[in-house]
Amino acid sequence: MFSQPMIYLDNAATSFPKPAECLRRALDLYLTCGASPGRGGYDRAVEAEAMVQAVRDKIAGLFGAARGARVCFAANATDALNTLILGLLETGDHVVTTRLEHNSVLRPLNHLQQSLGIGVEHVPFNKSGFVEPDRIDACLRPETRVVIVNHASNVLGTVQPVAAIGAICKARGIPLVVDASQSAGCIPILMEQWGITGLAFTGHKSLLGPTGTGGLVLAPDLDLAPSRFGGSGVDSMNPFQPDEYPFRLEAGTSNLLGILGLGESIDFVAAHMERFREEERRLTARLVEGLRAVPSGRIHLFAADAIGRHLPVVTCRVDGIASSDVGAILDGDFEIAVRTGLHCAPLVHADLGTAPSGAVRFSLGPFTTEADIDAAIRAMAAIAG
Ligand SMILES: Cc1ncc(COP(=O)(O)O)c(C=O)c1O
């Protein structure tokens, strides 16, 4: 039914494989107690709600959120970022963001620029792939409503200095929103300590959970207007969405199976994060060295000079060969899965000079082996030879 066993180096798109025991445990729970959480006073519904609340608590703990922080589930990071951006911004607002952002941030902001006339400033990244906090500071204005930063670039892997940016935002009284789609589950995140007011995450990447999961963690003083309306299981006579969280931002029946799967995978990730991180660092360095050593010199790596401050993501191009062709050869001849193209981050590629065809991205995960990396290096040497 499925293709041959492959070497999977597209973990930045979604992690694979997933820890099977987590999904099995979630399925067991779901089969035992699959009532709709928060939608009934009978025991099973109350128990289902308690299980969902336990996952909210785990998420707040994992990300170092302040006491009283709100955790709201969403379908993925895109859904969470839309909820946040549409719920926060109004006509006349100004936003400072970066040229490292994913379309999940760029497009909602572009939409509001067009529909509400908000102002948006995209701060550039330096040659090593980092946004300098001073450059963010220089863009802040009295009407700046929020700063939105991609914690770790899904193209370059560079981890941004969020704590320093948070200190600047705190001093200026401006909320800091972080897109932690790539970083959540891969590296520690300390929301309260770093001054992050809103965090968007997705469940299916380094958190190793199922697709269809993600959400927002909001500091207690960051209020959002709802942008979707409907059943909440409480306050049904109210003609409007209830003010209370999470109901304010969660309309409709929740993804119980997905949330339970995410809860299980968070336990798994939290227990192993340090070990996974160390091995991913070692293998990322091996890949970088291996690609650099390809004798033809036709492989060009992007922003790979500070690899210690990267997630396990390596992006390159091969002189004279379209990136899509490199990806097709890796897949067809070597059974290696990578992501080519623009990676939903058009401004990054515009600045790298790789738009519109893009580049070749290798992204490692906790189950990547040294043999996978060596096979990728050999394949790239053959392609670029
Ligand atoms: C930096 C970044 N932001 C947002 C997203 C969107 O995540 P999702 O597809 O889970 O909505 C991604 C996924 O590729 C990403 O890498």
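**Entry: ground rules**

I am working with a predicted model, where local features need pLDDT of at least 70 and side-chain atom pairs count only at pLDDT 80 or more, while totals for chains, interfaces and linings use all residues. Residues are numbered from 1 along each chain as its sequence is written, and side-chain values use heavy atoms, with hydrogens and water left out.

**Entry: the ligand**

Which residues are the closest to the ligand? I found T78, D179, Q182, T202 and K205, out of 13 residues that surround the ligand. For this I called a residue near if one of its heavy atoms lies within 4 Å of the molecule or strand in question.

I sorted the shell by class and got 1 nonpolar, 10 polar and 2 charged residues. My classes were these: Ala, Val, Leu, Ile, Met, Phe, Trp, Tyr, Cys and Pro are nonpolar, Asp, Glu, Lys and Arg are charged, and the others, Gly among them, are polar.

Next I looked up polar contacts, meaning pairs of N or O atoms within 3.5 Å; within protein, one atom must be able to donate a hydrogen and the other to accept it, and residues adjacent in sequence count only if both atoms are side-chain atoms. The side chain of T202 has an N or O atom 2.6 Å from an oxygen atom of the ligand. For H204, a polar side-chain atom sits 2.8 Å from a ligand oxygen. For H102, the distance from a side-chain N or O atom to an oxygen of the ligand is 3.4 Å. How much of the ligand does the protein bury? Taken alone the ligand exposes 390 Å², and the protein buries 88% of that. Such areas come from the Shrake-Rupley method with a 1.4 Å probe, and for residues only the protein chains shown count as cover.

**Entry: a nonpolar patch**

Helices (H or I, at least four residues) and strands (E, at least two) are DSSP runs, numbered from the N terminus.

Is L31 buried or exposed? L31 counts as exposed because its relative accessibility is 65%. My cut-offs are under 20% for buried, over 50% for exposed, and partly exposed in between (1.4 Å probe, protein chains only).

For contrast I checked Q160, in the loop between β5 (144-150) and α6 (162-172). Q160 has 3% relative accessibility, so I noted it as buried. Its side chain joins that of T158 in a polar contact of 3.2 Å.

**Entry: salt bridges**

How many salt bridges are there in the whole structure? My search gave 18. Each is a side-chain nitrogen of Lys or Arg within 4 Å of a carboxyl oxygen of Asp or Glu.

I started with D10 and R339, whose closest N and O atoms are 3.0 Å apart. This pair links distant parts of the chain, 329 residues apart: D10 is in the loop between β1 (7-8) and α1, and R339 is in strand β12 (residues 339-341). D10 is buried at 8%, whereas R339 is partly exposed at 35%.

Then I looked at R286 and E370, which form a salt bridge at 3.5 Å between the closest N and O atoms. R286 lies in helix α8 and E370 in helix α11 (residues 370-383), so the pair ties together parts 84 residues apart in sequence. Salt bridges that share partners join E279, R282, R286, E370 and D374 into one network. E279 is in helix α8 and is partly exposed, at 32%.

**Entry: distances along and across**

From E279 to I307, 28 residues along the chain, I noted 14 Å between C-alpha atoms. K127 and F302 are 175 residues apart in sequence, yet their C-alpha atoms are 8.9 Å apart in space. K127 lies in the loop between β4 (119-123) and α5 (133-139), and at 83% relative accessibility K127 counts as exposed.
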